[in-house]
Amino acid sequence: MRMFVVDAFTGEAFAGNPAGVCLLDAPADEAWMLKVAAEMKHSETAFVRRSGGGEFELRWFTPAVEVRLCGHATLGAAHALFEAGLVPAGRPVVFRTRSGPLTVTPVARGYELDFPAKAAVPVETPDGLLEALGVAAEDVLRNDQNDLLVVVADAAAVRGTAPDFAALAGIDARGVCVTAPGEDGPNFVSRFFAPAVGVEEDPVTGSAHCMLAPYWAERLGRTELAARQLSARGGSLRVTLRGDRVLLGGEAVTVLDGELRV
């Protein structure tokens, strides 16, 4: 099987978020896919298989669990299909996933992903959350993906977040996103931590922006936003809120194209 590693939400190699992409010839066993994802050690590995009508089935695995929605590995999967010549240049790719159909369209600057919005609502701060993050929060919200959104004062607070990952893994949440207004360009910035599912820090998180987009669109009074994720690798996204959908724009770079032999 052909195997790619794609750096997503970046225009340069060794930045953004790396995703493994496995192009399947036939249905694969879930336990086997999890073993491959654990071997790859990326925050997510995508498994893609052609289905009827020119569409593709898509599933995502961390090194520990399957997830229901992943942005950067979807971008990586689409990029790999174009690189492999399995989709005509310029044509949108439709993926069938556990979060419904997801479309990735080639645009002038990379790709645009059409994802469901995952708005978060205010909740009581879970016990131990802020201590585990080491931050002071202005607001804490939760969405139906069981992700927490922690709003802090400024980009410096986001950049300086240094979680106790063992403590954070004990919080009832799939992942925890820390966010603040942007500086020097982006409208907002963020970081995303998910030790409960085997990912201490995710470098650039498309699915988190499905939660971030509704929050910042309402707060800033605009539907088109520039975002920056402040991980060590860093990554940039163009974010548009359109009703109950979020359009995520970004680039991708192939860093490995090889063969999975097992």
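Asn-146 is partly exposed, at 23% relative accessibility; that class lies between buried, under 20% relative accessible area, and exposed, over 50% (1.4 Å probe, protein chains only). This is a predicted model, in which local features need pLDDT of at least 70, side-chain atom pairs count only at pLDDT 80 or more, and totals for chains, interfaces and linings use all residues. Residues are numbered from 1 along each chain as its sequence is written, and side-chain values use heavy atoms, with hydrogens and water left out.

**Loops with positive phi**

- Asn-146 sits in the loop between β10 (139-142) and β11 (147-151). Helices (H or I, at least four residues) and strands (E, at least two) are DSSP runs, numbered from the N terminus.
- Asn-146 is not a glycine, yet its phi is positive, at about 65°.
- Lys-41 also has a positive phi, near 70°, and is a residue other than glycine.
- The loop that holds Lys-41 runs between α1 (30-40) and β3 (45-50).
- Lys-41 is exposed, with a relative accessible area of 64%.

**A buried loop residue: Thr-62**

- Thr-62 belongs to the loop between β4 (56-61) and β5 (66-67).
- Thr-62 counts as buried because its relative accessibility is 0%.
- Its side chain reaches the backbone nitrogen of Ala-64 at 2.9 Å.
- Beyond its neighbours within four places in sequence, Thr-62 is in contact (heavy atoms within 4.5 Å) with residues including Leu-34, Ala-37, Ser-43 and Glu-44. Val-67, Val-197 and Val-199 are also in contact with Thr-62.

- Strand β15 (residues 224-229) pairs with strand β16 (residues 235-242) in the antiparallel sense, over 6 bridges. Two strands pair if DSSP finds at least two bridges between them.
- Ala-227 stands opposite Leu-237 in β16.
- The hairpin of β15 and β16 has 5 residues between its strands. In its turn, Gly-234 has a positive phi of about 75°.
- β16 also runs antiparallel to strand β17 (residues 245-250), joined by 5 bridges.
- Val-239 stands opposite Leu-248 in β17.
- The hairpin of β16 and β17 has 2 residues between its strands. Gly-243 in that turn has a positive phi of about 65°.
- In a regular strand, side chains alternate between the two faces of the sheet.

**Nonpolar cores**

- The largest nonpolar core has 57 residues. Such a core is a set of buried Ala, Val, Leu, Ile, Met, Phe, Trp, Tyr and Cys residues joined through side-chain atoms within 4.5 Å.
- Val-21, Val-48, Trp-60, Leu-81, Phe-95, Leu-149 and Val-239 touch the most other members of the largest core.
- Helix α6 (residues 206-220) gives the most to this core, with 8 residues.
- A second, separate core has 19 residues, including Val-140, Ala-155, Val-158 and Phe-193.
- Leaving out residues up to four places away in sequence, Val-21 touches, among others, Arg-2, Met-3, Phe-4 and Val-6. Val-48 and Gly-76 are also among the residues that Val-21 touches.

**Cysteines**

- The structure holds 0 disulfides, a disulfide being a pair of cysteine sulfur atoms within 2.5 Å.
- Cys-22 is in no disulfide, and the nearest cysteine sulfur, that of Cys-70, is 15 Å away.
- Cys-22 is buried, at 0% relative accessibility.
- Cys-210 is in no disulfide either; for this residue the nearest cysteine sulfur, that of Cys-70, is 10 Å away.
- Cys-210 is buried, with a relative accessibility of 0%.

Key. A polar contact is a pair of N or O atoms within 3.5 Å; within protein, one must be able to donate a hydrogen and the other to accept it, and residues adjacent in sequence count only if both atoms are side-chain atoms.
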